[in-house]
Amino acid sequence: MAMNYFVVDTLSTVRAYVGAEAFWSKGQKDAIYFLSRYTITHNEKEYQLYLQNLTVPLGDRVARLELQKENTNFNIVREAFRKGQNHPDDIMAMALLFKRFHNLSYLKKSIELWTQGDAEIKNLQNIADEIHALVLNKKFTPELSNHYIATIDEINNRLTVLEGDYSKTLGEAARWLSSTLFQLTFLIALLCLIFSLWLAFSIGRKILKRIEILKAGTIRIEQGNLTERIESLDIIANSRDELTELAISFNKMTESLSRAIDERNLAQERLEIRARQLSEAQELAHIGDWEWDILKAEMNASEEYYNITGIDFREKLTYDVLIEKVPPLERELVNNTYAKVLQNKLPFQLDHQIIIPNGEIRMLNVQGRPVIDEEGNLVKIIGCTQDVTDRLKIQSQLVQSSKMASLGEMASGIAHEINNPLTIIKLAATQLQKNVETDPNASPSSINCILKIDSTVDRISKIIQGLRAFSRDGKDDKFEKVILGELVEDILSFCSERLKHHSIKLIKENISSEMIFEARQIEISQVILNLLNNAFDANDTESISDKWIKISAADSKDFLDIRITDSGKGIAPELQAKIFQPFFTSKEIGKGTGLGLSLSMTIVKNHNGDLFLDTANKNTSFVVRLPKKQHEFLNHGAKVT
């Protein structure tokens with residue numbers, strides 16, 4: 001039976017080589033056709049089709065060269081034969097046939113023809129490279145076209161002859177092999193039959209009972225019964241022969257298997273418990289672990305990491321896949337951080353945003369450390385990523401709630417206590433104005449006083465309205481068109497008096513009603529007011545003689561820069577990296593919570609903008625950079641009104 005299998009398998013393998021030759025021939029014919037087309041049309045698509053069809057003979061060539069080596073790498077052979085479109089089930093049989101019978105006359109001749117064909121393919125590649133270079137450099141002429149087409153035809157003709165000889169040789173080899181193997185099979189089968197009859201007659205009775213004992217024992221083992229021992233054969237035999245030793249070995253094996261299975265089941269149970277606990281802990285904490293293999297440029301991560309980032313777990317995880325989910329304005333920060341890790345090989349911590357598939361922006365805290373091999377080379381970076389969006393939202397809500405409570409009470413009190421008297425004053429001023437306008441003896445100074453009273457009442461009302469607007473949470477507002485000039489005037493209406501009272505000069509530059517951008521007006525008002533308050537605190541010192549705050553704007557193609565600069569001498573370099581961190585403050589105790597810049601940064605980032613300190617300015621200068629138009633896919637479905 002083994003010989004029959006060998007015969008059938010060998011003939012099947014020869015058949016596989018015949019089929020491979022057909023694929024090889026079709027590949028080179030199609031490649032020559034598309035190269036000829038490319039020589040005429042210069043169409044890059046034709047050249048790509050030529051390369052695509054050439055992969056079949058090229059793959060077979062790699063397989064042949066590897067098989068001709070003394071120490072063959074069969075992984076390379078498998079991959080090369082797959083490119084040659086050979087069936088995966090035939091590949092190893094083809095490789096073994098080549099290794100075993102390559103010195104056989106027929107196969108040796110076939111390999112020589114194969115080698116000649118590969119040489120012609122190499123010539124074809126050289127011709128194609130020359131043609132492609134001439135086409136790209138626009139140096140191709142009709143004379144060259146005729147020359148190369150003739151050359152390609154010559155190669156094609158030679159290949160046709162080689163393919164015919166190769167097929168003929170394989171056919172002769174198959175017929176010779178079939179005849180030889182049949183004779184050999186018949187001879188071996190006859191010898192085996194004679195030997196089997198003699199062996200069965202000689203030892204059949206002697207070992208029949210022992211085999212039955214072993215058979216019964218193996219059946220019990222197959223059924224999973226590892227506790228019942230096989231009867232020792234030395235009970236029925238005077239000597240310890242191979243069957244007896246086999247029975248003893250079976251008993252020892254069942255004991256070892258039983259212990260190993262028990263230990264494996266216990267370890268597996270513990271491992272499953274620990275894995276479940278770790279997965280649940282990561283899910284509760286919104287933390288996912290990951291590993292970046294620098295050499296393979298691939299990343300492996302836990303299930304929670306995929307949940308956090310919104311990446312499909314079936315997708316191959318790479319750095320490029322991850323960076324595509326980072327908002328464009330933060331990609332430079334992320335790239336620079338990882339570049340420093342690769343260069344300095346030091347642990348790192350990074351906060352950045354990410355856009356998940358539903359368009360929502362999430363804030364991630366990433367921590368990692370490099371893995372160095374014995375030679376000091378960076379091979380991996382391992383770390384964990386935590387979704388801190390909800391935590392930051394809670395912090396923001398706490399601050400907002402505190403502010404809302406204070407300002408809400410104040411605004412409500414002011415509105416209640418002042419609006420009614422203001423109404424009376426307004427009505428009285430209106431009545432006085434009518435009386436004075438009809439009185440011919442009224443002096444101009446009286447009229448001016450009445451008008452001043454009326455405008456002052458309007459100004460107080462505007463301040464109250466501004467306080468009410470600022471105390472309201474605008475995070476759920478829709479994006480709307482905002483006129484920068486009007487926004488700044490509304491903010492300054494209830495803080496300019498404070499600046500005058502402390503002898504701080506307010507400067508406005510390049511702010512016009514033509515500067516329009518899309519934003520949540522309440523939130524941007526909060527950002528600008530917070531920066532103005534910080535600038536006020538920086539000026540609230542006796543060490544500065546000339547106190548001033550300047551608010552200016554710069555209009556570019558896509559962005560609007562709002563700059564707030566004060567007469568302070570800047571922020572110390574060692575503090576610049578910390579000022580945007582939550583709860584960090586350089587102010588005295590009781591004068592700051594350390595949340596102003598952090599919350600302002602969050603608001604601006606949610607507007608797809610940026611907030612940064614201009615370190616090149618000799619004074620303290622913050623810039624709020626906002627896009628003029630919001631991209632809808634980044635706005636959580638918000639509409640611009």
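Contact here means heavy atoms within 4.5 Å. The model is a predicted one, so to speak of a local feature takes pLDDT of at least 70, side-chain atom pairs count only at pLDDT 80 or more, and totals for chains, interfaces and linings use all residues. Residues are numbered from 1 along each chain as its sequence is written, and side-chain values use heavy atoms, with hydrogens and water left out.

On to the overall make-up. The protein has 17 helices and 12 strands, taken as DSSP runs (H or I, at least four residues, for helices; E, at least two, for strands) and numbered from the N terminus. Of its 641 residues, 38% count as buried, that is, under 20% relative accessible area, with exposed meaning over 50% and partly exposed in between (1.4 Å probe, protein chains only).

Next, a helix pair. The axes of helix 2 (residues 44-67) and helix 5 (residues 105-136) come within 11 Å and cross at roughly 150 degrees; axes are lines fitted to C-alpha atoms, for helices over the stretch in contact, and angles run from 0 to 180 degrees between N-to-C directions. Helix 2 and helix 5 are therefore roughly antiparallel to each other, a label for angles over 145 degrees. Residues in helix 2 including Tyr47, Leu54 and Arg61 meet residues in helix 5, among them Trp114, Ile121 and His132. By class, this contact has nine nonpolar, three polar and seven charged residues, where Ala, Val, Leu, Ile, Met, Phe, Trp, Tyr, Cys and Pro count as nonpolar, Asp, Glu, Lys and Arg as charged, and the others, Gly among them, as polar.

Five strands form an open sheet in the order 7-9-10-12-11, with mixed pairing; two strands pair if DSSP finds at least two bridges between them. Strand 7 (505-509) and strand 11 (610-613) are the edges, each pairing on one side only. Strand 11 pairs with strand 12 (residues 620-627) in the antiparallel sense over four bridges, and phenylalanine 612 stands opposite valine 623 in strand 12. Helix 17 (residues 596-606) packs on the sheet, touching strand 11 and strand 12, with its direction at about 140 degrees to that of strand 11.

Asparagine 608, in the loop between helix 17 and strand 11, has a positive phi near 60 degrees and, at 13% relative accessibility, counts as buried. Lysine 138 also has a positive phi, about 60 degrees, but counts as exposed at 77% relative accessibility.

Note on methods:
Angles under 35 degrees count as roughly parallel, over 145 as roughly antiparallel, 65 to 115 as roughly perpendicular and the rest as oblique.
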